[in-house]
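Please go through this structure with me in questions and answers. I am new to it and would like each label set against its cut-off.

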Amino acid sequence: PSSKETPVTHNHEETLVLVKPDGVERGLTGQILARIEAKGYVITELRMLTPTREMLVKHYEEHEGKPFFEPLVEFMGSGPVVAARVTGNRVIEGFRSLAGATEPTTAAPGTIRGDLGRDWGEQVQKNLVHGSDSTLSAERELGIWFG
Ligand code: GDP
Ligand code: MG
């Protein structure tokens with residue numbers, strides 16, 4: 001074949017998805033996981049737990065020192081979360097696209113945050129889900145949540 005395009009053959013990825021405490025509390029875990037499966041991604045590991053502060057400080061180390069760091073860690077430790085190992089080609093970018101923009105108010109309709117989230121007048125960190133943002137973060141974060 002004379003195509004200049006290099007076939008992408010190394011795009012199989014794994015990502016960490018978290019259903020945050022607001023998603024679990026609102027009973028949206030099933031809907032969120034269903035959207036991941038409906039898109040064609042495969043959940044290969046799943047657990048529900050209330051994370052320790054130590055896990056959360058590691059998980060959010062890139063945000064340490066930012067004004068929202070403490071409220072974020074406190075919120076994420078406020079109740080059970082569901083952690084999922086999700087696999088598929090380009091799943092890191094694909095899940096973040098499915099999740100939508102960070103702010104639920106302006107996240108596009110059709111996305112998890114855009115369809116199921118809103119501004120509750122206080123905690124901006126309530127945006128239902130987390131998804132790793134790179135292969136490096138995914139590997140690091142999966143280590144924290146699944147050992
Ligand atoms: P994400 O990758 O879209 O989840 O967003 P970031 O990595 O930038 O931020 C991590 C998380 O911190 C977000 O999902 C929100 O829950 C929270 N967050 C981000 N920005 C703010 C902010 O300005 N204020 C507050 N309170 N929380 C924020
Ligand atoms: Mg992030």
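Q: In which helix does Arg113 lie?
A: Arg113 lies in helix α6, residues 112–116. Helices here are DSSP runs of H or I with at least four residues, strands are runs of E with at least two, and both are numbered from the N terminus. This is a predicted model, in which local features need pLDDT of at least 70 and side-chain atom pairs count only at pLDDT 80 or more, while totals for chains, interfaces and linings use all residues. Residues are numbered from 1 along each chain as its sequence is written, and chains are lettered from A and ligands numbered from 1 in the order in which they are written.

Q: Why does Arg113 count as buried?
A: A residue is buried if 20 or more other C-beta atoms lie within 10 Å of its own, exposed if 12 or fewer, and partly exposed in between, with C-beta atoms placed from the backbone. Arg113 has 23 such neighbours, so it counts as buried.

Q: Which residues is Arg113 in contact with, leaving aside its neighbours within four places in sequence?
A: They are Ala99, Gly100, Ala101, Pro104, Ala107, Asn127, Leu128 and Val129. Contact is a matter of C-beta atoms, placed from the backbone, lying within 7 Å.

Q: What does UniProt list as "binding site"?
A: The annotation, from an unreviewed entry, covers Lys20, Phe68, Arg96, Thr102, Arg113 and Asn127. UniProt positions are given in the numbering used here, feature names are shortened, and annotations may be inferred rather than shown by experiment.

Q: How do you know that the span of helix α7 agrees with its number of residues?
A: The expected span is 1.5 Å times one less than the number of residues. For the 12 residues of α7 (residues 135–146) this should give 16 Å, and the end C-alpha atoms are 16 Å apart, so the two agree.

Q: Which residues of α7 are buried?
A: They are Ala138, Glu141 and Trp145. Seen down the helix axis, the buried residues of α7 fall within an arc of 80 degrees, so they line one face; the arc is that of the directions from the axis to the C-beta atoms. These buried residues pack against β1, α3, β3 and α5. The face turned away from them carries the exposed residues Leu136 and Gly143.

Q: How many helices and strands does the protein chain have?
A: The protein chain has 7 helices and 4 strands. From the N terminus on, they run β-α-α-β-α-α-β-α-α-β-α.

Q: Why is the protein chain called as compact as a globular protein of its length?
A: The globule rule is 2.2 Å times the number of residues to the power 0.38, and the radius of gyration is taken over C-alpha atoms. For 147 residues the rule gives 15 Å; the radius of gyration is 16 Å, close to that, so the chain is as compact as a globular protein of that length.

Note on methods:
Contact = placed C-beta atoms within 7 Å.
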